[in-house]
Amino acid sequence: MTHTLHRSGTEKSLAVDYPILAIAAQGINSKDAAPQFKKALEIVLKHNPVNFGDMKTGNYFRKGLKTVLNSTRINSIVHGVFTNKKDLEECLKELRDADLGPSVVVSGLFSEVWDSLKRIGLKPHSLNVSLGVFGKKELLPEQGILDITTMCGHHCVSPLLVKKMISDIKRDKTCIEDAARELAKPCVCGVFNPLRAERLLEELLSKF
Amino acid sequence: MLITDVCVGCTRCVPYCPSGAIALGRDKKARIDRNKCIECAVCFNNANCPVNAIQLEDLKWPRSVREVFATVYKEHKDTNVPGRGTEEMKTNDVTGRFRPGEVGFSVDMGRPGVGVDLKDAEKVCMALAKGGVEFEPLNPLTFLMSDKKKCFFSDAAPTERVHSCIPEFKIKEDRFPEVLDALMKVAKEINTVFSLGLCVKVNPDGTVPIMKYLDDHKIYYRPDGKTNIGTGKPAAKF
């Protein structure tokens with residue numbers, strides 16, 4: 001499951017994109033993890049996430065706050081997405097101090113994430129590094145579309161839906177903010193960043 | 001997935017399909033191309049069909065494989081882990097799965113968004129197996145292998161197409177060049193794409209051995225990725 005590893009885009013656009021997750025090791029620290037995941041989500045919610053969710057339940061935009069918060073299980077994988085380092089750091093500090101048990105993983109620009117970890121007295125333990133895409137790359141959609149769709153690492157956000165949203169915005173059938181929220185809905189885990197999507201949609205409006 | 005005859009042809013579901021498998025038929029009703037459909041249920045869960053024409057099917061083997069590799073929230077029956085892979089480095093601070101001097105590979109086949117015929121996944125696994133790679137036993141794809149040494153898949157499975165699947169394995173760091181070379185060669189023989197990820201334990205002094213190798217050999221890696229922050233408990237001993 002590398003669902004927040006291969007998010008494509010420029011460093012500038014990735015600088016507003018910091019998904020985090022909490023996960024238990026099944027059979028090691030999973031037995032009492034359900035309430036710990038709820039606590040982790042409660043901490044995430046205090047620090048202005050633009051999206052959150054649980055891989056076992058769904059995301060905020062489809063399931064709503066109460067359902068996501070009250071449905072955690074021993075094999076949940078809970079997520080939150082932050083758009084700046086200050087919120088990320090405050091959240092990580094609180095998660096560290098809560099000492100919940102499940103592992104915590106932060107995605108984002110390594111330079112920025114490691115800077116944040118250093119600032120709050122933490123160190124990177126293990127890494128997941130992306131070498132990019134190989135094979136028949138001519139099958140891929142346009143890069144600008146990919147920068148949006150790869151924010152759902154399970155690829156539940158369709159390139160056709162991105163194009164539909166661009167078309168709807170141009171015809172005043174929706175606004176950029178609502179289009180970004182609609183794109184966030186199919187991403188079950190809640191790791192799709194709607195704020196970054198808004199910015200990317202703005203750029204794409206002139207290209208399609 | 002099925003679209004029944006109550007469909008009114010509004011086309012609302014068409015753009016939601018990640019595989020582009022839904023189109024309007026001559027009868028002006030939406031139809032699903034069953035070869036392209038990867039049974040992800042994104043249309044069912046998100047398109048809000050006004051007449052509930054989209055229906056889930058009770059899938060039988062081998063088509064059921066598509067659902068296993070597409071439905072995000074369903075856990076694998078043998079691992080209890082939801083999704084298409086394993087916990088990999090996400091719980092490494094607790095499991096110690098990746099030790100110093102080891103490199104984990106995740107070959108995300110069909111990603112981003114292209115999909116993959118399992119015969120192509122089999123081709124990649126067989127190429128890696130020739131070099132002695134042993135696949136992660138808890139990965140759902142490994143469960144499909146009827147011969148785990150040669151990496152033949154179970155009968156009929158190679159005829160299926162899935163959203164994505166992830167051959168996962170780990171090697172000693174000194175084997176990295178030969179394994180990467182094998183992957184680059186087989187990449188030219190498949191009718192899809194893969195996104196390649198590496199998992200490593202950071203050294204106590206903060207250095208990352210594999211990154212030094214990548215830098216020295218001018219191998220591109222993305223500036224962003226995933227960092228396990230090491231706060232999981234009980235902590236694995238390294």
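This is a predicted model: local features need pLDDT of at least 70, side-chain atom pairs count only at pLDDT 80 or more; totals for chains, interfaces and linings use all residues.
1. Residues are numbered from 1 along each chain as its sequence is written, and chains are lettered from A and ligands numbered from 1 in the order in which they are written.

2. Chain A holds 10 helices and six strands, where helices (H or I, at least four residues) and strands (E, at least two) are DSSP runs numbered from the N terminus. Its radius of gyration, taken over C-alpha atoms, is 17 Å, close to the 17 Å that the globule rule (2.2 Å times the number of residues to the power 0.38) gives for 208 residues, so chain A is as compact as a globular protein of that length. Along the principal axes, the C-alpha atoms of chain A fill a box of roughly 50 × 35 × 35 Å.

3. Of the 208 residues in chain A, 59% are buried, a residue being buried if 20 or more other C-beta atoms, placed from the backbone, lie within 10 Å of its own. With contact defined as C-beta atoms, placed from the backbone, within 7 Å, residues 24 or more positions apart account for 73% of the chain A contacts that have a separation of 6 or more.

4. Chain B has six helices and 12 strands, and its C-alpha atoms fill a box of roughly 65 × 40 × 35 Å along the principal axes. Buried residues make up 48% of the 238 residues in chain B.

5. The contact between the chains takes 71 residues from chain B and 68 residues from chain A. Elements giving two or more residues to the chain B side include helix H5 (176–187) and strand S12 (224–228), but S11(B) gives the most, with nine residues.

6. Strand S6 (residues 126–135) of chain A runs antiparallel to S12(B), and four bridges join them, where pairing requires that DSSP find at least two bridges between two strands. Within this arrangement, Ser126(A) stands opposite Asn228(B).

7. The largest nonpolar core has 124 residues, and those touching the most other members are Ala40(A), Leu183(A), Cys187(A), Phe192(A), Leu201(A) and Cys43(B); such a core is a set of buried Ala, Val, Leu, Ile, Met, Phe, Trp, Tyr and Cys residues joined through C-beta atoms within 7 Å. Apart from neighbours within four places in sequence, Leu201(A) is in contact with Met165(A), Ile166(A), Ile169(A), Ile176(A), Ala179(A) and Ala180(A).

Key
A residue is buried if 20 or more other C-beta atoms lie within 10 Å of its own, exposed if 12 or fewer, and partly exposed in between; C-beta atoms are placed from the backbone. Two residues are in contact if their C-beta atoms, placed from the backbone, lie within 7 Å.
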